[in-house]
Every structure is written in structure tokens, then in C-alpha cells.
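Hi there,

Here is the structure I promised to pass on to you. Have a look at it first, and then read my notes below.

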Amino acid sequence: MTEPIQLSELLPGVLQEVIDRAGPGYDRWAEQVAATGYCAHPVRLRGRVDHADPQTGEVRTIYSTDREPDATLLKACGNRRVSVCPSCSATYQADSYQLLAAGLRGGKGVPDTVAAHPRLFVTFTAPSFGRVHTRKAQGRLVFPCHPYRQGQSCPHGRRVGCWHRHDEADPRLGEPLCARCYQAGAQVLWNALAGRLWSRTTISNYVYRALAQLVGLSEGELRRLVRVSFAKVAEYQRRGAVHFHAIIRLDAATNCGCSACVSPPPAEFTAELLEAAVRKAAEAVAIACPAVDEDQGVTLTARWGEQLDVHHITEAGDDGELSAEQVAGYVAKYATKSTEALGVTLDHCVCEVELEGLDVPAHVAELVRACWELGARPSLVELRLRKWAHMLGFGGHFSSKSRRYSTTLGALRRARVAYAIRRRGDTLTLDAWGRPEDHQVVIVVASWSYLGRGYQSTGEAWLAASAAARAREERLIAQEELRSTPMTV
């Protein structure tokens with residue numbers, strides 16, 4: 001959410017909307033805005049909640065929007081993308097951090113012993129589809145992008161290299177040196193298959209198969225000893241190819257698959273052994289691509305790129321390795337992003353009439369058009385490239401985890417609701433007859449109707465943005481005071 005403009009800069013009509021909203025009912029409206037976490041586009045609802053006693057058949061209304069301002073209840077949109085709603089994405093990022101950190105250090109129902117399990121932070125990248133402008137740096141030293149011999153050119157007459165030392169904000173980063181040489185179609189096909197490639201690497205056979213070969217066991221014997229747990233997020237590189245940041249943890253095999261029952265693997269299964277298995281699996285795994293043409297004489301396959309970045313996760317991040325907090329913060333940051341990493345935001349499905357007028361860099365527009373061109377071929381219909389053209393072909397989950405890795409987002413949200421109830425001083429939720437609702441002696445009937453999304457006027461949006469700015473400032477001040485206050489024992 002951007003910073004609100006000054007009151008003196010508002011148009012007369014908007015100023016009147018502010019005055020109208022600040023009239024009767026403003027305090028309750030402001031409470032609803034705060035309850036949404038200052039959501040940028042709250043969902044507007046109308047309805048009520050009734051309690052029915054199955055013994056007597058009596059029905060009592062415990063909540064109705066008739067008593068709310070404009071007879072409307074505001075609810076946070078819950079969108080995870082920072083480009084859509086900074087407030088809700090901040091909540092999602094905080095939840096993701098807690099979920100990821102719990103799988104690395106314990107807590108939230110996960111045993112503390114997971115901190116001693118073999119743990120890796122791995123980045124799986126896409127292969128090359130052609131030369132692109134890139135920034136090569138070592139410390140403060142920046143190297144030329146693609147050094148080349150004078151006079152060399154590609155078949156289309158473009159120079160095959162670049163001697164520029166690009167800045168981090170250079171808009172040319174990720175752009176092909178020659179758009180006609182770049183394999184845009186191959187890249188969107190790889191994006192479409194990346195989710196299956198990840199699944200086959202970690203969930204299916206390849207990591208287990210590699211581990212079994214390294215320790216001299218059959219795959220069945222290995223699965224009776226250990227289990228691989230993971231959490232991952234997807235991110236777009238500047239060239240538009242998807243890559244995955246993954247936390248991979250090795251646990252002992254247990255009969256129960258929940259996160260509360262994880263235990264350390266046998267001593268011979270070390271982080272070094274897990275790294276060797278991941279590297280071996282990444283090199284071997286491949287996914288066959290559906291035939292692009294009917295007369296195609298070769299089978300195309302999707303593989304991981306040569307750049308496989310592996311770091312061990314240690315207690316304090318010593319010896320150049322990473323700590324649990326560093327990894328959790330880094331991965332959670334990308335859980336709220338999508339195509340924003342490309343410097344553009346494509347947040348809706350692209351229709352055919354929009355293809356020629358896309359307000360995005362030329363390379364991104366070419367990838368979107370490649371999705372539409374390939375998506376029309378009968379052999380590639382199952383990849384649904386046209387549906388995911390705004391995601392450059394990638395239709396998989398941006399954030400996922402295995403069941404035993406740690407807690408769930410749903411559990412974290414329920415804990416937040418319980419905390420809010422305790423903060424209000426309500427130690428026990430009562431039904432319409434004053435009985436503890438935990439006894440489950442009533443039937444809850446909720447009736448809601450959707451009114452729309454977003455604030456009803458520009459004046460309301462301005463008031464909400466101003467309140468959000470104040471809340472952020474107060475939060476920053478509180479954090480600074482917490483850091484500067486000495487701990488007392």
C-alpha cells in the first residue's frame with residue numbers, strides 16, 4: 001500500500017467522502033479496518049451468524065451486520081502477493097517464516113530435535129535457453145557481462161557478447177543478447193514442466209534412489225530407515241525462468257507421518273551424504289516433454305540446469321554456512337512474490353486481444369506470446385499454457401511443503417484467532433445461551449452474501465491508507481524500542 005497523500009491535496013469530492021465516513025459509525029468502521037490488518041482490498045460481506053439448540057429447536061442470532069456501519073462486515077482479502085495487498089502479504093510472509101523456522105529449529109508442535117537433523121538449503125535452477133545480459137560481480141569488482149572477440153556475431157547479425165558492467169538496476173538484465181536466437185518456446189515448456197520435475201526429484205524416486213545407492217541398500221530398505229522432508233518456494237529469474245529455493249531435511253522413518261513425531265535419522269545419514277544424494281538426483285532426473293510437432297523425430301526432455309547451489313544449515317550459520325533464521329527469512333520473502341522478480345506484475349490471465357498491447361518488457365511479452373502459440377497445439381493442451389501465460393507457463397504451486405516438515409498455515413491462523421480472543425480478555429467462547437461453545441451443544445449457522453471487494457469510495461481508501469501508515473510507524477517504533485531495551489533477568 002502506497003503512502004497516503006496529504007489531506008490538503010485531496011480533491012473536493014474525495015474530501016467530502018472523508019468527512020462523510022468520519023461521521024457516525026466511524027469508530028466501529030476503523031475497528032473493522034484494523035481487524036483486517038489494514039487490507040488494501042477488503043472483502044465486503046453482509047449476513048449473520050445464528051446458534052441453534054438441537055434439543056429445543058430454538059434459534060438465536062449472535063451476530064448480524066445490521067448493526068455495523070453500512071450494514072457491512074470487512075474481511076481481509078488474504079492475497080499472498082505483495083503487489084496486490086502489502087498488508088495481507090506481510091501476514092502471509094510472517095506465517096511462512098514461522099512455518100519454515102519450525103521445521104528447522106522446532107516449535108509449533110515440531111520437536112526441538114529437528115535442529116540436529118541433516119538439513120540443506122538448495123537452489124534448483126533452469127538450464128540455459130540462450131545468452132542473456134547478466135551481472136557478474138565478486139565483492140565490489142564487477143566483470144563484463146559476456147566478453148567476446150571483436151567482430152563475432154550470431155546468425156542474425158547481432159553481436160554475440162556484451163562488455164558492459166551492468167548495475168543491479170539495469171533494465172537490460174535478463175534480456176537476451178539476440179531475441180531471435182533465444183529459445184523462448186523451450187523456456188515456457190520448461191516452466192510448465194518444472195513442477196513435475198521437482199516432484200520427481202524429491203517426492204517420487206530420485207533422491208531416495210540416490211541415497212540408497214550411496215549407502216548400499218535397496219530403495220525399499222532405505223525407505224524403512226529414513227524419510228525426506230522439504231519446504232520450497234518458486235521464484236522467477238530475471239530471464240523469466242522459474243527456479244526453486246528448497247529446504248531439505250532428513251528424518252527417521254516412522255509409522256506416523258505427522259510433524260510432531262519426527263525423529264533423528266541413523267547416525268550414518270549425515271548432511272554430507274544428503275548433499276551427495278541431492279546432487280546425484282538433480283543430475284539424473286528428467287521429464288519427457290509432450291511432442292511439439294506431429295513429425296517430431298526426437299523426444300525433448302526437461303532437466304535441471306548445471307547451477308545447483310547447496311548450503312548446509314547449521315545452528316549459528318558458522319563457517320560460511322547458513323543459520324535456520326537466515327534460511328527461513330530468505331525463503332519466506334519469496335513466498336509473497338510472483339512475476340514481481342522480473343520487474344513486472346502480471347496478476348491476471350491474459351486474453352488474446354491483450355497480446356499486442358502488453359505493457360511489459362519485450363522479452364516477457366515474447367514469452368507470453370510463446371505460451372499462446374504453443375498452447376494452441378493439440379499435443380500440448382494438457383500443459384494449459386494459455387491459462388498460465390501470465391505466469392510464463394508455470395502453473396505449479398509457488399509455496400509447498402511435505403506433510404511431516406512442520407505445522408500448517410491453517411494451524412497458525414487458528415492460533416492467531418485464539419490469541420486475539422485471549423487478548424480481548426475472553427478466556428472462553430460462549431454460545432447464545434451463555435454455555436461454553438467447546439461443549440458443542442449448538443449448531444452454528446452462518447449466512448453471508450458477497451457485496452464486493454475494496455473500499456466503497458476513494459475517501460474511505462484514503463482513511464484506511466492513513467491508518468495503515470500510522471500502524472506501520474507505531475510498529476517500527478515498538479520494534480526499535482524492543483531492540484534498544486536491555487534484557488533484565
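Let's start with the aromatic rings in this predicted model: there are 13 aromatic pairs. A pair of aromatic rings is described by the distance of the centres and the angle of the planes. Take F121 and Y330 as an example: their ring centres are 5.7 Å apart and their planes meet at 85°, so this pair is edge-to-face. The cut-off for that label is an angle over 60 degrees. F121 belongs to strand β4 (residues 119–124) and Y330 to helix α8 (residues 324–334), so the pair links distant parts of the chain, 209 residues apart. Y330, with 33%, counts as partly exposed.

Now try Y236 and F398. Their ring centres are 5.9 Å apart and the planes are at 45°, so this pair is called tilted. Y236 lies in strand β7 (residues 226–236), while F398 sits in the loop between α9 (362–375) and β13 (399–401), so the pair ties together parts that are 162 residues apart in sequence. Both Y236 and F398 are buried. They also belong to a cluster linked by ring pairs, made up of F124, W190, W198, F230, Y236, F244, W304, F394 and F398.

The charged end of R209 sits over the ring of Y206, 4.9 Å from the ring centre. Likewise, the charged end of R223 sits over the ring of Y208, at 3.9 Å from the centre.

Next, the sheet. Which strands form it, and in what order? It is an open sheet of 6 strands, in the order β12-β11-β4-β8-β7-β13, with mixed pairing. The edge strands are β12 (322–323) and β13, each of which pairs on one side only. Helix α3 (residues 86–105) packs on this sheet, where it touches β4, β7, β8 (242–252), β11 (308–314) and β13. The direction of α3 makes about 35° with that of β8.

How many of its residues are buried? The count is 11 of 11, so β8 is largely enclosed by the rest of the structure. V242, F244, A246, I248, L250 and A252 point one way from β8, and H243, H245, I247, R249 and D251 point the other way. On one side, β8 pairs with β4 in the antiparallel sense over 6 bridges, and F124 stands opposite F244 of β8. β7 and β8 form a hairpin with 5 residues between them, and G240 in the turn has a positive phi of about 95°.

β7 has another partner as well: it pairs with β13 in the antiparallel sense over 3 bridges. The bridge partner of V233 in β13 is S399.

The loop between α9 and β13 also holds L392. With 0% relative accessibility, L392 counts as buried. L392 and A184 are 208 residues apart in sequence, yet their C-alpha atoms are 9.8 Å apart in space.

For a helix, please look at α1 (residues 12–21). Its buried residues are V14, V18 and R21. Seen down the axis of α1, these residues fall within an arc of 70°, so they line one face of the helix. Why does that spacing work? An α-helix has 3.6 residues a turn, so residues three or four places apart point the same way. The buried residues of α1 pack against α2 (26–35) and α11 (458–484). On the face turned away from the buried side you will find the exposed residues P12 and D20.

Finally, the whole chain. It has 11 helices and 14 strands, and its C-alpha atoms fill a box of roughly 75 × 60 × 55 Å along the principal axes. Of its 489 residues, 43% count as buried. Among contacts between residues at least 6 apart in sequence, 69% join residues at least 24 apart.

Enjoy exploring it!

Best wishes

Note on methods. Residues are numbered from 1 along each chain as its sequence is written. This is a predicted model: local features need pLDDT of at least 70, side-chain atom pairs count only at pLDDT 80 or more; totals for chains, interfaces and linings use all residues. Side-chain values use heavy atoms; hydrogens and water are left out. Rings of Phe, Tyr and Trp (its six-membered ring) pair if their centres lie within 6.5 Å; planes under 30 degrees apart count as stacked, over 60 as edge-to-face and the rest as tilted. Helices (H or I, at least four residues) and strands (E, at least two) are DSSP runs, numbered from the N terminus. Buried means under 20% relative accessible area, exposed over 50%, partly exposed in between (1.4 Å probe, protein chains only). A charge sits over a ring if NZ of Lys or CZ of Arg is within 6 Å of the ring centre and within 35 degrees of the ring normal. The arc is that of the directions from the helix axis to the C-beta atoms. Contact means heavy atoms within 4.5 Å. Two strands pair if DSSP finds at least two bridges between them. Axes are lines fitted to C-alpha atoms, for helices over the stretch in contact, and angles run from 0 to 180 degrees between N-to-C directions.
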